[in-house]
Amino acid sequence: MIGIRFRHYRFKSIQFLIAVSFTAITVGVVFFVSYVLYDKFTRTAENNAVRSNEQIIYQVTKNLEYYIRSMTIFFGEVEASVREDGDFAGDRLHEQLNTIFHTREDLVTIALFDQSGQKLTALPSVPMRSNTHLTTQSWFRSAVENPNHLSFSVPHVQNLFKGQYKWVVSMSKGIKLKSGGRTRDAVLLVDVNFKMIDDLTSSVKLGQKGYAYIIDESAGNIIYHPQQQLIYAGIKYENVEQALKYTYGSYLDESTGVQRLITIQTVSNVGWKIVGVSYMDEIGTTKREIGGFLVWLLAFVLLFVLGITLFMSAKISQPIKRLEKSMQLVERGNLHIEIPIRRDDEVGRLSRRFNLMVGRIRELMDQIIAQQESKRKSELEVLQSQIHPHFLYNTLNSVVRLAGTGKNDEVITMITSLSKFFRISLSKGKTVIPLADELEHIRNYLIIQKIRYKNKFEFELAAGEGTESLQTLKLVLQPIVENAIYHGIEPSVDEGRIAIRADVVQGKLRLQVADNGVGMSAEKAAKLLSDGTGEGDGTGIGLRNVHERIRLTYGDGYGLQIESEREEGTIVSVWLPILKEERSDEA
Amino acid sequence: MKLKSASRCAAAAVLALPLLLAACSRQVEIRPDAETQKPVVLLVKDKNGDYWNTVKMGAEAAAKDFGAKLTFDGPGDESDVAGQQALIRQYLAYGMDALILAPDDYAVLAEDVDNVVRKGVPVVAVESEVASERVSSFIGIDNYEAGRKAAAKLKELSGAKGRFVILSSAPGSRNAQQREKGIVDELSGSPRMQVADTLYCGSDVSLCGVRTREALSGGGRPDGILALNAAAAVGAAREIERMGLYGTVKLVAFENSPEELEWLQEGVIQATLIQNPFTIGYLSVKTALEAAGRQKVEKRIVTETRVIDSESMFWSDNQKMLFPFVQ
């Protein structure tokens, strides 16, 4: 159970919350940013690849166009030479062509045939083979079918002359020759090998594995391919059909099982297309590199953030935990705790407040203890004053003396007063009694004292309207009156007077005991209540007691007030709250 | 202030981040070192032969494609069995990843092949088979089927009648035996056609010429000759041309050496059974690399054969098969 509670507590801790939310947010953000970056990077890489491929292929196309133009010009020169010459089969033309023939290394054949396929002149100067099927060959047919139009054939093996069989592209044109006023149709043929085309095309570098090839746009025959033999052997395959649909541009092709970027440009005039092929996995390498890098970044940032959050959350929650521990101690009753304040942040301020609070509680506790002690003491004194053994003894002595002198009336008065006095003194153990009872009590006391002091003083009791029913702490007047008699009236030579009044003043009940005794100095009067020691004759112990009792019961706003003047008398005011007929259970 | 020191620490860590990342991102490209790469050895029957050079071209194309190192070698003569054995031992001592062998002899080389395979080097047989169970794969034409195709062409050319002579290399040549068997089996369906004789002339063109002359000069001149290899075909063609018998004596040949093709165009050779040595070379290297990489390979890869005549030899498809594309 403890384990579960512990875990529960841990999962709800601020540290956990901070760590989790920080990490979650950071991971989210980093993931998002990584994804966006990855997406952006790869798309840029792909776009760049596409663009650079297109540029490269465009360049190749331009070069190839230039080459074809130069071949066309060359063909034009040959044609001009042939036209100039009237005797087509003569040595002069052959000689002339031979000179031209050896200027270029990409030439295989220059030949002139008539419409039936009869050789008029030809280079190289080797015998022709039989069974050449010359008139059925595509270059011958297209020259005959489209006279005056230079056509380029697809690659084929030139089988006209003895010697090697060579792969060539044939340029052919049907021309009209004038000789001696007669016009004859003839076919002029120039065969070129793949040397130049290979040079132009194989120099293309489209990544590590990429290449370019040339197709014929009418039928999709491959004119040139860096791996032509593999294509011919059927080992390699190019998706020519797809490429034929484009004039220029790029697309992705997956017909060979791998993703390849195909870039197409059309070579003008010959009807060829250059097809650039580059492998997406090479672009993918960049992609993978970026991906790998981002994974690293992610891992690192995660680790970093985790570390930071753990550190931060610990930093935040640890002082709180320390505070909590201290509070637990306080809870168990240890008030002598001081939390060390390490920082001036929120927790630091909280700690300081906590320290102050604990201090205040400590003070209050001490105060309460002191109050309880003094209360108990004064209660004990009240109990004692209820009995008044000394007063009883004196009174009874007086009664005996009065009885001896036969003053029966006075004896009766005295005994009756004594009896009433004690009845109210005890008043069933209650501490709070109606003011009327208190006044009755003091009256009886004064009656007894007056007889004892042989009418040395007069007294009067007056209660303001409605005050008699108010409640008061009992036995507050007796010590005051006792004081007035012993220290005020008795030393005085004049006839004494004691006036007791009860009034409601400023929302409080005021009981006033005024005498015309010897009085005292203002300093002494002021000291009377505050000075705990009580000097000399013990004057004031009773007063202080009453003062303390009232203040403990009703608070600091109440208590005694002493005004006095030497030879004039003393007025002691007792301030009490206005309490109406209310049952107090206080013991 | 503690908070400040903490933030300073964080700032330092953030500054250190790019440095660390830069350290992480510097990757080294790992490529197999060409120096430590062992070669795939291609041992052919005759390193100067046209056929074998086309095989070599195919093998080189494959080596380039798959990034392998290729060594091409072979004796100077198809009958030099001992020379081929010596080469096998030599390259085994040098070390190789795979051996592609065109065995000069079906039986004799079996032991050498076993020996090579025991050393952990896979062997791929090309063109001719070898009597070893341990060969990873055989790549070549079906000689029996080729024999039948050639005989069928001869039947068509001769009107399914006549006496014919077979010109073969040697009695022990397994390829020749199978071709001959195919021919005999095919002709057995035509009662008016018969094989008069089988003549042997090795791979010597002039000897084949002599044998042809002998066969044509004697009484009962045969109506046609079946030349089972390039040397026999050329020897026979030259002789027929010299004797002015072209067209009269039908010549059906095997293989497609340049000279055979010239004779074919000239009409001295009526037809020839061609194969695709380039493809054989390419596939042999591909298969050998697969075998060296412990991949499963096909035990027997049969490549295409075609019968062509002077009419069809320049058909686009046949051109591609007949003439190696060189710039």
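Trainee: How many residues of chain B are in contact with residues of chain A?
Mentor: This is a predicted model, in which local features need pLDDT of at least 70 and side-chain atom pairs count only at pLDDT 80 or more, while totals for chains, interfaces and linings use all residues. Residues are numbered from 1 along each chain as its sequence is written, and chains are lettered from A and ligands numbered from 1 in the order in which they are written. With contact taken as C-beta atoms, placed from the backbone, within 7 Å, chain A contributes 29 residues, and the number in chain B that touch them is 28.

Trainee: How are helices α12(A) and α13(A) oriented, roughly parallel or roughly antiparallel?
Mentor: Helix α12 (residues 435-452) and helix α13 (residues 477-489), both of chain A, have axes 10 Å apart and pack at about 25° (axes are fitted to C-alpha atoms over the stretch in contact, and angles run from 0 to 180 degrees between N-to-C directions). Their contact is made by E438(A), H441(A), I442(A), Y445(A), L446(A) and Q449(A) on α12(A) and by L477(A), Q478(A), V481(A) and I485(A) on α13(A). Angles under 35 degrees count as roughly parallel, over 145 as roughly antiparallel, 65 to 115 as roughly perpendicular and the rest as oblique. The angle of this pair therefore makes it roughly parallel.

Trainee: What is the orientation of α8(B) and α9(B) to each other?
Mentor: The axes of helix α8 (residues 230-242) of chain B and α9(B) come within 9 Å and cross at roughly 40°. The contact joins A230(B), A233(B), V234(B) and A237(B) of α8(B) to E259(B), E260(B) and W263(B) of α9(B), and by class it has five nonpolar, no polar and two charged residues. The orientation of α8(B) and α9(B) is therefore oblique.

Trainee: Which are the edge strands of the open five-strand sheet in chain A?
Mentor: The strands run in the order β8-β7-β11-β10-β9 with antiparallel pairing (strands pair if DSSP finds at least two bridges between them), and the twist averages 35° from one strand to the next. An edge strand here pairs on one side only, and the two are β8 (222-224) and β9 (249-253) of chain A.

Trainee: Which helix packs on that sheet?
Mentor: Within the sheet, β10 (residues 260-267) and β11 (residues 272-279) of chain A pair in the antiparallel sense over eight bridges, with I264(A) bridged to V275(A). The helix touches β7 (211-216), β9, β10 and β11 of chain A, its direction makes about 30° with that of β10(A), and it spans residues 14-84 of chain A as α2.

Trainee: In the hairpin of β5(A) and β6(A), which residue in the turn has a positive phi?
Mentor: Strand β5 (residues 166-179) of chain A pairs with β6(A) in the antiparallel sense over eleven bridges, where S172(A) has L189(A) as its bridge partner. Two residues lie between the strands, and the one in the turn with a positive phi of about 60° is G180(A).

Methods
Helix = DSSP H or I, 4+ residues; strand = E, 2+ residues; numbered from the N terminus. Contact = placed C-beta atoms within 7 Å. Nonpolar A, V, L, I, M, F, W, Y, C, P; charged D, E, K, R; others polar.
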